[in-house]
Amino acid sequence: MTQDLRLAIAAELERTRARTAALTDAVDETDLIRQHSPLMSPLVWDLAHVGNQEELWLVRDVGGRDPVRQDIDELYDAFKHARKDRPALPLLDPGQARAYVAQVRDKALDVLDRTTFDPSRPLLDNGFAFGMIVQHEQQHDETMLATHQLRIGDPVLTAPAPPPSRVRVAGEVFVAGGPFTMGTSTDAWALDNERPAHVVDVPAFFIDAAPVTNGQYQEFIAAGGYDDPRWWSERGWAYRVKAGLVAPLHWVNDGVGWHNRQFGWVNPINVDEPVVHVCYFEAEAYAAWAGKRLPTEAEWEKAARFDTATGRSRRFPWGDESPEPRHANLGQRHLSPAPVGAYPEGASPLGVHQMIGDVWEWLSSDFDPYPGFAPFPYREYSEVFFGGDYKMLRGGSFGTDAAAARSTFRNWDHPIRRQIFSGFRLARDA
Ligand SMILES: [Fe+2]
């Protein structure tokens, strides 16, 4: 049992590091050090930062070992330096960063070999600290993928196209009013903000069976949606004017039609793919134009997890088993969302499609703790963000790894952000 868990953790750590290496080996040294957008860290910062977190939690805390590089803790503390300031720091160069993360990994694997997962130590129970570090590195891999999307230059990443649509998915699904279990108390690697499981009574609502597509979003643009303050909230309109928004990020119009730039390739938009790279305010305006609204976080989670036959909440829309490629577009296997209808096997019991993978979905809810929340293992993981200027995002994107894409996983960001792989679907009161 202990040995099985050790092997499973070692495999997750290795799989995750392979992705980090692929993302950082794809570009030359100049591109690793460069800041591709003031919103993002240089890739070489992310690289050493994942190693530093691994050192702090696994080598020093779990393992009780001496520091590898205590002198660099401050440089890689995300709370100490805003992303825009990170290029000016005396960072490890690419060679030093690679050597550092490899040295930390050797020590972490040695700690893993000697760990007994003592259930009386919450950090060790079921290998939680290792799972947290795997998810942390995977989340940075998604951030690094977003940096690649912002990078100007010839394409360096390639991947097969996502699967085609296999079923027609349209319209909305009715979700009857009533209680369901939100969050989790049992998922071993669930983070503090997903806990504890609690019952929420959700009034009846309708939710779209699929996310809003590029084709639908294009109609909003063509109808003058970006020029009509009626559809925008006051804050949303002020931002739309200030930032000069006219279309999703990475869209360009050649006078004939809309194209989008994906990782250096420019192609006509695929009208059947979920729209991506929109901010919360754009999603909110589209919803108003369409005569609907964004779902709440509880509505989204109920539509994703609630099993109408048994009344219990599943780990994923399709069941409790971890995602397979047939279920959802996750893990950077493809470099774009898949067309609507591509994942019939991933639908929820209520018949809602593509809730996991493809695009993060903006929700109308703010980031608040669940009743009974307890910070773990540190306040800075979630608690310091509660009540801030954030909106919730759920479900993960094509850039999100399965390790961080369960139906209870909560993500949050500022409502103006759109360099992330964010889209949305619509809901309305019943
Ligand atoms: Fe981080």
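Residues are numbered from 1 along each chain as its sequence is written, and side-chain values use heavy atoms, with hydrogens and water left out. Because this is a predicted model, local features need pLDDT of at least 70 and side-chain atom pairs count only at pLDDT 80 or more, while totals for chains, interfaces and linings use all residues.

View 1. His49 in helix H3 (residues 43–62) and His136 in helix H5 (residues 128–150) link distant parts of the chain, 87 residues apart. Helices are DSSP runs (H or I, at least four residues), numbered from the N terminus. His49 is buried, at 3% relative accessible area, and His136 is buried too, at 16%. Buried means under 20% relative accessible area (1.4 Å probe, protein chains only).

**View 2. Helix H1, residues 2–25.** The 24 residues of H1 reach 34 Å from first C-alpha to last, close to the 34 Å expected at 1.5 Å a residue; the expected span is 1.5 Å times one less than the number of residues. Its buried residues include Leu5, Ile9, Leu13 and Leu23, along with Arg6 and Arg17. The buried residues of H1 pack against helix H2 (29–33), H3, helix H4 (94–114) and H5, with contact meaning heavy atoms within 4.5 Å.

**View 3. Helix H9, residues 297–305.** H9 is mostly covered, with nine of its nine residues buried. Among them are Trp300, Glu297, Lys302 and Arg305.

Terms used
Helices (H or I, at least four residues) and strands (E, at least two) are DSSP runs, numbered from the N terminus. Buried means under 20% relative accessible area, exposed over 50%, partly exposed in between (1.4 Å probe, protein chains only).
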